[in-house]
Structures are given as C-alpha cells and as structure tokens.
Amino acid sequence: MPMTPAQVETMRELLRASRVLSLALIVEEAPVNGLLPFAVTPDFRALVVHASRLARHTKGLHDGAPFDALLHEPVVGEIDALQVKRVTLRGVVRVPDHGTPAYEALRAVYLMKFPEAEPITALGDFAFYVLLIEGGRLVTGFGAAANVTQETLETLQAT
C-alpha cells in the first residue's frame with residue numbers, strides 16, 4: 001500500500017530538514033553507531049555523508065557494506081515519545097573515487113546543505129560516502145507506519 005500524501009510530505013521534510021542521522025554499521029563483526037551530518041541527493045535515492053577516516057564508525061563505510069540510518073523530528077519539551085515522526089532507512093554503502101566528477105557532485109550536494117563545512121572537505125582524513133536507500137519504515141505516530149519502497153522514492157522525486 002503506497003504512502004498517503006501526508007506521509008510522503010513527512011518523509012520529504014525529514015530528509016530535507018534533518019541535519020544529522022544516526023548511522024548503524026558493522027565494524028569488526030560488531031554493531032557500531034555514529035551520528036553524522038547528511039544531505040539527500042536530488043533524486044531522494046541516496047544520502048551523502050562526510051566522515052573522518054579516524055572515526056570508528058567509518059571503518060564500516062566500505063563499498064557494499066549494509067547500513068541502517070535513523071532520522072527523526074526534534075524531540076524537545078513535552079513531546080509524546082510515541083508520536084515522534086521518524087524514518088529508518090536501510091541500504092548499501094558506495095564509496096566514490098576521490099577527485100572524480102561523481103565525487104565532486106556529491107561534495108556539491110553536501111555543501112548546498114552545509115556551506116560552513118567547506119574547509120573540512122579539504123582535509124585529507126575526510127571523505128564522502130553514499131548511502132543508497134533500498135527501503136525502510138516511516139513512523140508518523142503511534143500505530144501509524146508505512147514501508148519505504150522504491151516507489152516511495154520515485155514519488156518523492158516526482159512531487
């Protein structure tokens with residue numbers, strides 16, 4: 001069953017407005033979680049992260065590695081924790097070659113959202129990684145959930 005228009009809009013807003021994601025990866029056969037700034041590609045099919053190779057979680061960012069990412073609306077004050085809008089996305093990591101047109105395109109997408117990060121993008125221990133979205137689950141409140149499918153991503157792009 002496809003998402004409702006309201007759910008599609010919530011997902012679009014989470015992908016565009018959220019600034020960080022919780023990223024779960026496998027490192028040395030154990031789960032590792034990291035908190036990273038991210039940008040979404042214009043076609044909504046991937047997330048772009050910029051990470052230091054010195055960080056433990058970055059060891060899990062290798063080509064073909066599985067990931068899970070969690071985004072949620074801000075949780076402040078008296079917000080009912082069961083009503084927090086959130087999306088979990090899963091997929092595979094792709095590592096673009098540094099200096100290629102594809103790498104530079106990812107850098108441009110990231111810097112559109114985080115222009116203040118430009119000096120950090122020149123540091124040698126940082127790199128861009130692509131998180132290709134294969135699916136996931138959107139929760140818009142207690143008992144209100146929908147699967148994220150390739151059709152969902154097409155809808156996000158089309159509207």
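User: What radius of gyration would a compact globule with 159 residues have, and what does the protein chain have?

Analyst: Good place to start! Keep in mind that this is a predicted model. A compact globule of 159 residues would have a radius of gyration near 15 Å, and the protein chain has 16 Å, which agrees. Along the principal axes, its C-alpha atoms fill a box of roughly 45 × 35 × 30 Å. Buried residues account for 44% of the 159.

User: How many helices and strands does the protein chain have, and which pattern do they follow?

Analyst: There are four helices and seven strands. Reading along the sequence gives α-β-β-β-β-β-α-α-β-β-α.

User: Which strands are joined to E4, and by how many bridges?

Analyst: Strand E1 (residues 20-27) is joined to E4 by three bridges, and the two run antiparallel. In that pairing, Ala24 stands opposite Asp68 of E4. Strand E5 (residues 86-94) also runs antiparallel to E4, with seven bridges between them.

User: Where do the positive and negative charges lie on average?

Analyst: Compare their mean positions: for the 14 positive and 18 negative charges of the protein chain, these are 1 Å apart.

Methods: Residues are numbered from 1 along each chain as its sequence is written. This is a predicted model: local features need pLDDT of at least 70, side-chain atom pairs count only at pLDDT 80 or more; totals for chains, interfaces and linings use all residues. Side-chain values use heavy atoms; hydrogens and water are left out. The radius of gyration is taken over C-alpha atoms; the globule rule is 2.2 Å times the number of residues to the power 0.38. Buried means under 20% relative accessible area, exposed over 50%, partly exposed in between (1.4 Å probe, protein chains only). Lys and Arg count as positive and Asp and Glu as negative; His and the chain ends are not counted. The place of a charge is taken as NZ of Lys, CZ of Arg, CG of Asp or CD of Glu. Two strands pair if DSSP finds at least two bridges between them.
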